[in-house]
Amino acid sequence: MAEGKIVYIVSPYAGDVEGNVEFAKAACRLAMEQGSTPVAAHLLYPQMLDDTVPKQRELGIRMGLKLLGACSELWLCGSRVSGGMQEELKEAWRHRIPVRRIPREAVEEFLQPEPVLGGQVQSIGCMGAGL
């Protein structure tokens, strides 16, 4: 158990971005469930940088690698290792940060199901606010 540790979460981002983001969130929930504090740079930096612009992608990776230096472990989540994940792994090895492989099945247990809405969905307008 990694109780009290700050763990750096790595998992794919590009491709199925929506599905990969949900998977990364589930990996973070798994870490929290085990008493760790997760850091997932690939959930943070795409919020302010465009991952499809090479300079911005590189900046996000560099900032993530700085965060990695403050972490106790790197958790490699899932079975696929992307180019960005390879850079993070190399940095962890360079700084002798332990790497823990987390199987896809362990993370999938923490995926949150889609909310089910009963009845019909209705449009709600804004009245009286000049919108």
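**Helices, strands and loops**

Tutor: Helix H3, residues 54-68, has 15 residues and spans 21 Å from its first C-alpha to its last, close to the 21 Å expected at 1.5 Å a residue. The expected span is 1.5 Å times one less than the number of residues. Helices (H or I, at least four residues) and strands (E, at least two) are DSSP runs, numbered from the N terminus. This is a predicted model, in which local features need pLDDT of at least 70 and side-chain atom pairs count only at pLDDT 80 or more, while totals for chains, interfaces and linings use all residues. Residues are numbered from 1 along each chain as its sequence is written, and side-chain values use heavy atoms, with hydrogens and water left out.

Student: Which residues of H3 are buried?

Tutor: Buried means under 20% relative accessible area, exposed over 50%, and partly exposed in between (1.4 Å probe, protein chains only). By that cut-off, the buried residues in H3 are Gly60, Ile61, Gly64, Leu65 and Leu68.

Student: Within what arc do the buried residues of H3 fall, seen down its axis?

Tutor: An α-helix has 3.6 residues a turn, so residues three or four places apart point the same way. The arc is taken from the directions from the helix axis to the C-beta atoms. On the other side of H3, Lys55 and Lys66 are exposed. The buried residues of H3 line one face of the helix, because they fall within an arc of 140°.

Student: What covers the buried residues of H3?

Tutor: Contact here means heavy atoms within 4.5 Å. The cover includes strand E1 (6-10), helix H2 (41-44), strand E3 (73-77) and helix H4 (83-94).

Student: Which residue in E4 stands opposite Cys77?

Tutor: Two strands pair if DSSP finds at least two bridges between them. E3 and strand E4 (residues 99-102) pair in the parallel sense over four bridges. E3, H4 and E4 also form a right-handed β-α-β unit; right-handed means that, with the strands pointing away from the viewer, the path from the first strand over the helix to the second runs clockwise. The residue opposite Cys77 is Ile102.

Student: How many residues of E1 are buried?

Tutor: E1 is largely enclosed by the rest of the structure. The count behind that is four of the five.

Student: What is the bridge partner of Tyr8 in E3?

Tutor: E1 is joined to strand E2 (residues 37-39) by three bridges, and the two run parallel; there, Tyr8 stands opposite Val39. E1 and E3 also pair in the parallel sense, over four bridges. In E3, the partner of Tyr8 is Leu74.

Student: Which elements do the buried residues of H1 pack against?

Tutor: H1 (residues 17-33) makes a right-handed β-α-β unit with E1 and E2. Its 17 residues reach 24 Å from first C-alpha to last, close to the 24 Å expected. Its buried residues include Phe23, Cys28 and Leu30. They pack against E1, E2, H2, E3, E4 and helix H5 (104-108).

Student: What phi does Gly35 take?

Tutor: Gly35 lies in the loop between H1 and E2. Gly35 counts as partly exposed, because its relative accessibility is 33%. Just after H1, Gly35 takes a positive phi of about 85°.

Student: Which residues does Pro98 touch, not counting those up to four places away in sequence?

Tutor: Pro98 lies in the loop between H4 and E4 and is partly exposed at 45% relative accessibility. Pro98 and Leu74 are 24 residues apart in sequence and 6.3 Å apart in space, C-alpha to C-alpha. The residues touched are Ser72, Glu73 and Leu74.

Student: What pattern does the chain follow along the sequence?

Tutor: The chain has five helices and four strands. Buried residues make up 36% of its 131 residues. Read along the sequence, the pattern is β-α-β-α-α-β-α-β-α.
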